[in-house]
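Subject: Handover of a structure and notes on its contents

Dear colleague,

Please find below the structure that I am handing over to you. My notes on it follow directly after.

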Amino acid sequence: MQKKKELTDPAPERDFRIPRSRNTSPTRSPTPTPPASAKEIKSPKKHQRRKSVSANSPDSPWSVVPCSVGNIGLHNAVNSIADKLGSRTWVGTLSVSTEDLSEKNLHSIKEELTDKYNCHPVFLSDAEMDGHYNKFCKQVLWPMFHYILPEYPQSLGYEDEAWQHCLSVTRKFADAVVEVYTPGDIIWVNDYHLMLLPAMLRERIPEAKIGFFLHIPFPSSEIFRCLHVRRQILEGVLGADLVGFQTYSFARHFLENCSRILSYESSPKGIQVDDRFISVGIFPIGIDAKALNEKRNNPDVTDIAISLREKYGDKKLVIGRDKLDYVKGVRQKMLAFEKFLNIYPDWRGKVSLLQVSLPTAEHNELQGQVSDIASRINSKYGSLSYQPVIYLYQDIDFSQYLALLTVADAFMITSLRDGMNLTSHEYVVCQEKKCSPLIISEFAGTYGSFGAAAIRVNPWDTRQLARAINESLSMSDEERAYRWKELHDHVITNSAQFWAESFLDELDKAHGERRSSVQIPHITPFVVKPAYQSSQKRAFFLDYDGTLAPYVRAHSNPATLDKIKSLLKILTSDPRNIVYIMSGRTTASLDQILGSIPNLGFSAENGCFIKHPQSTKWERLLSDNDFSWQGKVKEIFEYYTERTPGSYIESKEIALVWDFRLADNPSYGAWQAAECQNHIQDSLGTVYPIHVVSISKNLEVLPRSVSKKNAVQRALEANPDADFILAIGDDRTDEDMFETLENLQEAQPDKTIFTCTVGLKATQASYFANSVGAVFSFLSGLPE
């Protein structure tokens with residue numbers, strides 16, 4: 001019995017009925033990847049399993065040969081930076097059944113894959129593979145992520161058994177990763193089959209560096225929230241340090257779902273989850289153009305390309321190559337070509353569509369539909385000497401595939417929904433001499449990267465598609481060359497190497513810079529006081545609500561306020577001290593409660609205004625005078641206030657706040673806040689330069705250019721000789737302030753800078769305090 005090793009050969013063997021090379025056969029030998037040295041990647045990876053292979057006995061002989069399934073783009077990308085990595089261990093399943101094999105054979109297989117191929121196999125039963133892959137992944141996740149809702153009773157994926165198999169398979173992957181993991185390794189989880197894995201690994205290896213990348217689209221919340229295990233899927237992904245997506249819209253949908261379904265605080269940079277911050281990034285995958293060019297220059301490819309041109313003569317060839325599933329738009333492509341021949345009769349007899357449709361493992365109802373359309377076109381417009389559509393429902397040899405890309409006069413990608421579609425990149429590389437145009441769907445992730453250099457189409461609009469075919473075939477040589485150069489520059493720049501390096505670099509950064517406050521030391525006078533006493537000039541930046549004082553709607557406890565005032569008077573009485581209160585409160589509120597304290601500076605509305613010590617004048621730090629967004633935001637806030645008893649709106653001079661701290665039902669208030677945040681971001685965030693900040697049970701809408709770091713920078717410009725700086729805050733608005741000061745510490749090591757957060761959270765700060773009381777005790781101990 002033969003065993004096939006996944007990820008041995010990035011290019012599967014292919015065979016079919018277009019011309020072959022006249023000299024050699026298309027078979028290729030496996031190319032095992034040797035380990036390098038530097039860092040190690042443990043990369044859990046999915047695959048598509050073949051049907052069970054029966055053996056004569058559980059101890060039948062076996063061998064390792066190339067495998068044609070798996071994420072070839074990922075394999076190529078990691079191999080392309082092999083010289084910059086350490087040993088690589090691929091963790092994945094085998095592509096044939098191992099259920100009936102003996103323990104002796106399983107051990108031998110595992111040993112050979114580990115020793116010779118840097119692969120660590122996860123052995124699954126046929127029932128586990130069927131339940132996890134065929135039912136849950138392929139009938140639930142994959143359709144939904146491509147905007148296709150499940151249809152009863154066809155969907156089997158909602159069976160509890162399939163979900164249980166999904167959990168079981170993911171646990172086995174977690175066991176496998178833990179088995180080979182050593183401290184310092186990078187764990188890179190790939191694609192939707194393993195979305196639960198990051199959280200399982202985080203639970204078992206809390207300090208691990210974990211990245212997750214989704215190769216397919218991530219749907220909007222209106223689609224994703226229909227999934228019955230939506231929370232579990234999101235929480236599984238959020239076990240990673242970094243979550244990567246192909247496009248901005250996929251990342252935005254993920255953030256929106258985390259806010260809407262889990263009620264987590266989100267920002268364009270990521271998700272705040274309790275004491276962790278999960279970074280979210282955009283990393284469009286590319287190809288290894290150098291490796292592809294080596295294959296393209298193979299004599300086989302040249303021979304096949306010559307044969308194709310001899311066969312079709314001076315006829316134009318529009319090429320398409322897609323899996324025949326319901327999101328690749330093959331049916332729409334056929335209908336568009338039929339429309340093209342109908343409205344542009346001059347092209348009849350002069351152009352043919354050569355469509356290669358790759359079979360899929362799933363039952364496919366499209367095959368009959370597409371074949372019928374092809375037959376109809378050929379019957380209507382064909383003749384003895386002209387076949388408008390050459391339709392091939394089979395896979396092809398890789399050399400034949402490259403030859404098709406080389407001879408194409410146009411290439412059509414009509415995806416109804418797609419992740420990236422690297423075929424478009426390969427086509428551009430193969431068109432170095434002809435510079436033929438690329439027609440691409442606006443729903444393919446690649447289009448967002450290629451932009452206007454490609455011909456954009458809506459695959460549902462057959463007339464627009466027909467016009468695009470005509471445009472591509474009628475385009476001048478100058479325009480073709482210009483467009484191709486733009487596309488080629490992008491493909492070369494955004495390569496597979498760049499993708500892999502960018503993701504791993506960002507993962508290093510995400511894992512290192514966002515520390516949990518339980519991982520950093522408490523701030524105490526013992527730590528800070530020596531630097532405090534030896535300094536010549538000190539700058540204090542102290543948040544107010546949640547740091548110096550508990551969160552309250554009004555100061556109901558005069559004694560607490562008197563204690564705060566007394567502490568601030570002690571600090572400001574020292575001529576070496578410059579103290580600023582960094583608050584989200586309005587200028588009027590700060591003047592009212594703390595304005596009587598001499599030599600005290602303020603920043604109001606989270607950086608919108610500043611008043612320096614010994615000054616009576618407030619300065620506005622915002623240059624933008626367009627506040628037309630305020631009325632729109634207030635309308636949305638009013639809508640949610642009416643439907644959330646106990647909530648209220650606070651209108652500041654610039655910012656607007658919706659506070660649900662006193663909501664009658666706290667959980668309902670949190671759910672409404674998530675809905676409100678997404679409402680504002682979706683309807684106004686792309687129109688106005690504003691952002692929504694979630695702060696301690698309220699939503700605050702501010703101009704994007706506003707942050708506390710602006711006030712800190714302005715204060716330090718006025719006091720450049722400050723050699724001791726202390727900043728304390730408790731919420732997300734303080735993180736920009738911490739980041740600015742941490743960067744300043746690196747740039748000016750002669751200064752002594754302390755940044756401190758309050759409470760348990762992921763933070764940029766270097767120290768933390770447990771509570772408001774701890775902050776008060778610490779500050780009181782400094783002047784003593």
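In these notes, a residue is buried when its relative accessible area is under 20%, exposed when it is over 50% and partly exposed in between, with a 1.4 Å probe and protein chains only. The model is a predicted one, in which local features need pLDDT of at least 70 and side-chain atom pairs count only at pLDDT 80 or more, while totals for chains, interfaces and linings use all residues. Residues are numbered from 1 along each chain as its sequence is written, and side-chain values use heavy atoms, with hydrogens and water left out.

The chain as a whole

Of the 784 residues in the chain, 59% are buried. The chain holds 26 helices and 31 strands; these are DSSP runs numbered from the N terminus, helices being H or I with at least four residues and strands being E with at least two. Among contacts (heavy atoms within 4.5 Å) with a separation of 6 or more, 74% are between residues 24 or more positions apart.

The sheet around β28 and β29

Eight strands form an open sheet with mixed pairing, in the order β23-β22-β21-β20-β19-β28-β29-β31. Its edge strands, β23 (619–620) and β31, each pair on one side only. Two strands are taken to pair if DSSP finds at least two bridges between them.

Strand β28 (residues 724–729) is joined to β29 by 6 bridges, and the two run parallel. The chain passes from β28 through α25 to β29 in a right-handed β-α-β crossover, meaning that, with the strands pointing away from the viewer, the path from the first strand over the helix to the second runs clockwise. Along this pairing, Leu-726 is opposite Phe-754 and Gly-729 is opposite Thr-757.

All 6 of the 6 residues of β28 are buried. Phe-724, Leu-726 and Ile-728 point one way from the strand, and Ile-725, Ala-727 and Gly-729 point the other way. In β29 (residues 752–758), 6 of the 7 residues are buried, so this strand is largely enclosed by the rest of the structure.

β28 also pairs in the parallel sense with β19 (residues 538–543), over 5 bridges, and there Phe-541 stands opposite Ala-727. β19 in turn pairs with β20 (residues 577–582), again in the parallel sense, over 6 bridges; Leu-542 has Ile-581 as its bridge partner in β20. β29 is joined to the parallel strand β31 (residues 767–769) by 3 bridges, with Val-758 opposite Ala-769.

The second largest pocket

On a 1 Å grid over the protein atoms alone, a pocket is an open set of points where a 1.4 Å probe fits, with protein on both sides within 12 Å along at least five of seven lines; lining residues have an atom within 4 Å of a point. The second largest pocket has a volume of about 1200 Å³, a volume being the space filled by probe spheres set on the points, which are joined across faces, edges and corners. Its lining has 43 residues, and Ser-266, Ser-267, Pro-268, Lys-269 and His-691 lie nearest the centre. Elements that each supply at least two lining residues include α8 (248–262), β9 (265–267), β26 (690–694) and α25 (735–747).

Yours sincerely
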